[in-house]
Amino acid sequence: MMARNIEIKAKVDDFSALYEKIALISDGLPDIIEQDDTFFICPHGRLKLRTLAADRGELIFYQRPDQAGPKTSFYTLSETHDPDSLRETLTLAYGAAGRVIKQRTLFMLGQTRLHLDRVKGLGDYLEFEVVLDENETPEQGIAIAEDLLERLGIDRQELVDQAYVDLLNQKGKHHNA
């Protein structure tokens, strides 16, 4: 069974101010996580290998629409103890589609994961994931997401409809043109 969540991503102008707002409403102190994601060519969705440490990584497959505002994401995750070797194998098998290196500040608020991301080569973003249990409808998750947008004062025009890897690849094409 694939897990589901409702996701929203927004560009952040003032990292510190948003950090303060989130800290006031979240369930305790955040975790700071260094993430190195390699994306592979995948016709049926997205496949990424997230390296968290030399001996710890996660292979994540997910499907979600590219749209601004709340969207449902379906995903499945497998853990690995040798992410470098797995990256080499998958790159040989499928080809790499891009790499995203970021520092993620993870806050929890109930069933919602709030990520303040500093993405190398891209800037600062807020991403949150309302994790749905099997009895919850996407509409219930969207209501939680919309409420959070309002509480944090995020403007609609700040919302981003693309994955970091796509934003980075677009930026790279503009530089190479």
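A polar contact is a pair of N or O atoms within 3.5 Å; within protein, one must be able to donate a hydrogen and the other to accept it. Keep that in mind for the first exercise, and remember that this is a predicted model.

**Exercise 1. With which side chain does the side chain of S73 make a polar contact, and is S73 buried or exposed?**

Step 1. Find the residue: S73 sits in strand β5.

Step 2. Check the surroundings. Beyond its neighbours within four places in sequence, S73 is in contact with A3, R4, N5, E7, Y62, Q63 and R64.

Step 3. Pick out the polar partner. The side chains of S73 and E7 make a polar contact at 3.4 Å, and the cut-off is 3.5 Å.

Step 4. Look at accessibility. The relative accessible area of S73 is 1%, and buried means under 20%, so S73 is buried.

**Exercise 2. Which strands pair with β5, and over how many bridges?**

Step 1. Start with β1, residues 3-11. Five bridges join β1 to β5 (residues 71-80), and the two strands run antiparallel. As an example, I6 has T72 as its bridge partner in β5.

Step 2. Turn to β4, residues 56-63. Here seven bridges link β4 and β5, again in the antiparallel sense. In this pair, I60 stands opposite L77.

Step 3. The eight strands form a closed barrel in the order β1-β5-β4-β3-β2-β6-β7-β8, with antiparallel pairing. From one strand to the next, the twist averages 35°.

**Exercise 3. Which residues of helix α1 are buried, and why do they line one face of the helix?**

Step 1. List them: F15, L18 and I22 are buried in α1, which covers residues 15-25.

Step 2. Look down the axis. The buried residues of α1 fall within an arc of 70°, so they line one face of the helix.

Step 3. Recall a general rule. An α-helix has 3.6 residues a turn, so residues three or four places apart point the same way.

Step 4. See what each side meets. The buried residues of α1 pack against β6, β7, β8 and α3, whereas E20 and L24, on the other side, are exposed.

**Exercise 4. Which strands do helices α2 and α3 lie across?**

Step 1. Take α2 (residues 83-94). This helix lies across β2, β3, β4, β5 and β6, running at about 160° to β3.

Step 2. Take α3 (residues 138-152). This helix lies across β1, β5, β6, β7 and β8, at about 145° to β8.

Key
Residues numbered from 1 in each chain as written. Predicted model: local features only at pLDDT ≥ 70, side-chain atom pairs only at ≥ 80, totals over all residues. Heavy atoms only, no water. Pairing = 2+ DSSP bridges. Helix = DSSP H or I, 4+ residues; strand = E, 2+ residues; numbered from the N terminus. Axes fitted to C-alpha atoms, helices over the stretch in contact; angles between N-to-C directions. Contact = heavy atoms within 4.5 Å. Buried < 20%, exposed > 50% of the residue type's maximum accessible area, 1.4 Å probe, protein only. Arc of directions from axis to C-beta.
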